[in-house]
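Reader: I would like to go through this model feature by feature. Please give the general idea each time, then the case at hand.

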Amino acid sequence: MKQNNKILIKNLKIVVDDGTQEQTIVLDTFSKDFAPNKIHFIIGNSGSGKTTLLSHFNGLIKSKYGDIIIGDLKILGNKKKIKNIKNLRKTVGMVFQFPEYQLFKDTIEKDIMFGPINLGVPKNEAKKRAKHYLTLLGLNDSFLQRSPFNLSGGQKRRVALAGILAIEPDILIFDEPTAGLDPAGEKDMMNIIMNLKKSGKTIFVITHVMDQVLAIGDQVTVIGNKKILASGEPYEIFTNEKLIRDNYLDKPKVIKVINQLIKLNPKFKKLIELKPKNVDELADQIYTLMKQKGGKK
C-alpha cells in the first residue's frame with residue numbers, strides 16, 4: 001500500500017447476526033477516513049465495539065453492510081468473500097491483547113518465520129526477517145534458537161510482535177498493547193510504537209490508558225452508543241467536558257493537573273495551547289510560563 005493512501009470507510013454498519021431475524025447493532029452506519037502514517041487511538045467503554053471495528057480492517061470479521069478501502073484493496077459489503085485476502089493480511093497486521101499466547105513453535109526463529117512463510121515469503125528471506133525484527137525489538141540473535149516458552153512476559157510479547165513485523169505490513173493494529181506489562185515494559189512498548197510510525201507505518205491502538213493516548217497519539221476516535229461519537233487530536237477530545245462526562249471517560253493525568261491549575265489561576269489556560277504530552281513537558285512549561293509572567297517558583 002502506498003503511504004499517501006487513506007483508509008476509507010464507506011457506509012459501514014456492524015451487526016451481530018445470531019442466525020435468526022434478530023440482529024444486534026454494534027456500530028450503526030457511518031463513514032470515515034483515517035490518514036496514513038499517524039498513530040490513531042480508538043477509545044471507549046468496554047463492549048463499545050473497538051476491537052470489532054478494527055478486526056474488519058484485516059478481514060478477521062467482515063460486514064455485509066458498507067465498504068472498507070485500504071489502498072488498492074477493497075473489502076466490499078456486497079461480496080461474500082474478500083478479494084486478495086493474502087494481500088490484505090500482508091498489508092494489515094493485528095497484534096492481539098496477549099500476542100504471546102500465539103507462540104507455539106519450539107524455537108523463537110520458527111515462530112517469527114511462521115507468518116511470512118504462510119503468506120508466501122521464501123524460507124531464506126523469512127530467516128533474515130526473523131533475525132532483523134528480533135534485533136529491532138531489543139533481543140539479539142542468540143535468542144533465535146531458544147524456546148519461546150522460557151522467556152519473560154515482556155520478551156514473549158517482543159517475539160510475538162516480531163512475528164507480525166516480519167510480515168512487513170504497512171498498517172499495524174494493537175489491542176491493549178501494554179496489558180499485563182510493568183511500567184518499564186509499558187514505556188518500551190510506547191517507544192516501539194513511536195518508532196514504527198517513524199518508519200512509515202500507520203498505527204491503530206486500542207487502550208484504556210488515557211495517559212498513553214495523550215503521550216503519543218496523533219488522532220483519537222471515541223466510540224460509544226453504537227456510533228462514532230467524536231474524532232480529533234488528543235487535546236480536542238480531552239478538553240471536551242461534555243463528551244468526557246457523558247461517556248464516563250477518564251482524563252490523562254496531565255489534563256487533570258492543568259484543570260486544577262486553571263482553577264487556581266486563569267493564566268494557566270495557556271497550557272492548553274502549549275499541549276504538553278507528559279508530566280516532564282508539563283513541568284517545563286509551567287516553569288517557563290511562571291517565569292514569563294514573573295511568578296514565584
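Author: Start with burial: buried means under 20% relative accessible area, exposed over 50%, and partly exposed in between (1.4 Å probe, protein chains only). Helices (H or I, at least four residues) and strands (E, at least two) are DSSP runs, numbered from the N terminus. This is a predicted model, in which local features need pLDDT of at least 70 and side-chain atom pairs count only at pLDDT 80 or more, while totals for chains, interfaces and linings use all residues. Residues are numbered from 1 along each chain as its sequence is written, and side-chain values use heavy atoms, with hydrogens and water left out.

Reader: Which residues of α3 are buried?

Author: In α3 the buried residues are Ile108, Glu109, Asp111, Ile112, Met113, Gly115 and Pro116. Contact means heavy atoms within 4.5 Å; the cover over these residues includes α4 (123-136) and α5. After α3 comes Gly120, with a positive phi near 95°.

Reader: How should I read a nonpolar core?

Author: In soluble globular proteins, nonpolar side chains tend to be buried together. A nonpolar core is a set of buried Ala, Val, Leu, Ile, Met, Phe, Trp, Tyr and Cys residues joined through side-chain atoms within 4.5 Å. Here the largest has 59 residues, and Ile43, Phe174 and Ile193 touch the most other members. Helix α5 (residues 153-165) gives the most to this core, with six residues. Apart from it lies another core of 25 residues, including Ile9 and Leu73.

Reader: What does Ile193 contact, leaving aside its neighbours within four places in sequence?

Author: Ile193 is in contact with Ile39, Phe174, Pro177, Ile203, Val205 and Ile216.

Reader: And polar contacts?

Author: A polar contact is a pair of N or O atoms within 3.5 Å; within protein, one must be able to donate a hydrogen and the other to accept it, and residues adjacent in sequence count only if both atoms are side-chain atoms. Asn247, in the loop between α9 (241-246) and α10 (253-264), has a side-chain polar atom 2.9 Å from the backbone oxygen of Leu243. Asp182, in the loop between β7 (171-175) and α6 (183-198), has a side-chain polar atom 2.7 Å from the backbone nitrogen of Gly185.

Reader: Are Asn247 and Asp182 buried or partly exposed?

Author: Asn247 is buried, because its relative accessible area is 11%. Asp182 is partly exposed, because its relative accessible area is 47%.
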